[in-house]
Amino acid sequence: MEDAKTTYEQLLSDNNELRIQLEEANDTIDAIRTGQVDALIVSNSDGHQLYTLKTADQTYRVFIEKMNEGAVTINREGLILYSNSRFAGMIGIPLEKVIGLQFESFIPEESREKFELLIGDAWEEDRKDEIELIDQHKKLIPCLLSCNTLELDEGIALSLILTDLSLLKETERLLKIKNLQLAAAHLATEKLNNELEDTVKERTSELSLSREHFKYLANNIPQMTWTNLPNGEINYFNQQWYTYTGLSPEDTKQWGWQNVVHPDDRKITAEKYAASLSSGETLEVENRYKKADNTYRWHLNRAVPLRNEEGEIVFWVGTATDIEDQKKEMDRKDEFIGIASHELKTPLTSLKGYLQLITSYKKEELPPTVKQYITKANNALNKLQRLINDLLDVSKIQAGMFNYALTVINLSQLVKVWTENAQHIYPTHKFEYQDGHELFVNGNAERIEQVIMNLVNNAVKYSPDNKKVIIQIAAHDDMVRVSVKDFGIGLSEEQMDRIFERFYRVEDKKYMTSGLGMGLYISAEIIKNHKGKIGVESKLGEGATFYFDLPLE
């Protein structure tokens, strides 16, 4: 009886132990099914063995599910074998209904021929191109489609990665609109000024005969108009001036007009006014005038001298054109450029990082074609990087935040090193360096190097036939001059007057070049911040010499 009791208790104990083992086995199987276990270590007669489960790609599947791009796998019949949630969201169809559909059903009719050619080639080699998808609401979605083949247990499949380009396309559209608006505003301002100048020229002879005739004309144009004597004393304002300022003739006679100029603009206005009176050259200056309601608006002032038969200046005729709206348009454009440049900088950095990762991949040798594509991609990214940096510099200049530290630098050494670098960058050109010995200036090496780079790039760009470029540094008086001379197409007088303006590009039907016309504008601002001077000497068809002067240290 005692033995029977022992046997029963033993059976109960064994049964409990088996139940516990069964529960552990069930938990293990459930963990394997749900992807919580990636591998098993099994002990046998040969020791411990590692068995990796097919679910070991759990991390990658989570990564694919969380990525911002749509990911799809198709077979040779075009059936969707796998799709992530992002792709389902792009086309507006529940994920469970996407699997098994023909991928081509999401391609609009007009793009299917292009898609079929792309997919056909992708089975042989990796391909990438822009294409449009169509969602369930018939809305077109611009995408970048990247195709790669995958080896699966069931055979070879095609992996499709779709990057939504909607935001990029919208940004491009907005940029185009802004550029068109800016161009229209610029043309309108230029047209207005040209019309005014034509009007003044046509009436000059009549004005000398009849002052009353001039007053009648001046009071019937929208611009504020004045005349002044050769000594600078203003002796006439038209009615628009008094309506705008709310002042009387007594308040603004002689030099009283200066009180209407914004305090921040008085110095530059007075300096340019005095310079024109001294030289007899056309006055052009932008400043703000105070209205009768104590608000300020931007104006473009232009004044031309009227001469007698002996060439002596009899009096000056000036106009002030309201450009407040154009200024605001430019400010909005600058703000847009700043935002767009910052937004582009982050993905650009990511792209360069990915290319570096691909280049440093050591597991297997990259095909020569891939290496060639990587080199081309890096060149394109570097060009885009320079463009973005220029846009950011322009934004900083307009925002008054173009600041940097100044130290004593060896300008001679800096120019010499950059001349050597230029020979490697432009191997088809011949660079001649003319030394000015050891010359030091107080400046920022990186920014001065940027100026030299812009001048050299400009010389190379506009000298396609004669490949010689002379880079010289020399001291004169208490200044040091760096000059870059080319033997290219040269500049006209009109082009030299505008060459350092923002977004100005030399237009020549024979030589079409890339760029946005920002390099020389940025260079001029850099030299100005260094208390220096920048200029150009040129004759059309005989080349050009760009130079800048900096104070010797």
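1. How much space lies in the largest cavity? About 120 Å³. A cavity here is a set of points on a 1 Å grid over the protein atoms alone where a 1.4 Å probe fits but cannot get out. Its volume is the space filled by probe spheres set on the points, which are joined across faces, edges and corners. Searching the whole structure gives three cavities of 30 Å³ or more.

2. A note on the source: this is a predicted model, where local features need pLDDT of at least 70, side-chain atom pairs count only at pLDDT 80 or more, and totals for chains, interfaces and linings use all residues. Residues are numbered from 1 along each chain as its sequence is written, and side-chain values use heavy atoms, without hydrogens and water.

3. The largest cavity is lined by 13 residues (lining means an atom within 4 Å of a point). Closest to its centre are Trp226, Ile234, Trp257, Tyr289 and Asn301. The lining has eleven nonpolar residues, two polar and no charged (nonpolar: Ala, Val, Leu, Ile, Met, Phe, Trp, Tyr, Cys and Pro; charged: Asp, Glu, Lys and Arg; polar: the others, Gly among them).

4. Strands S8 (224–228), S9 (234–237) and S10 (283–290) and helix H10 (266–279) each supply at least two lining residues. S10 gives the largest share, three residues. Helices (H or I, at least four residues) and strands (E, at least two) are DSSP runs, numbered from the N terminus.

5. Now Thr359. This residue lies in helix H11 (residues 324–359). Thr359 is in contact (heavy atoms within 4.5 Å) with Leu366 and Ile374, leaving aside neighbours within four places in sequence.

Key: On a 1 Å grid over the protein atoms alone, a cavity is a set of points where a 1.4 Å probe fits but cannot get out, and a pocket is an open set with protein on both sides within 12 Å along at least five of seven lines; lining residues have an atom within 4 Å of a point.
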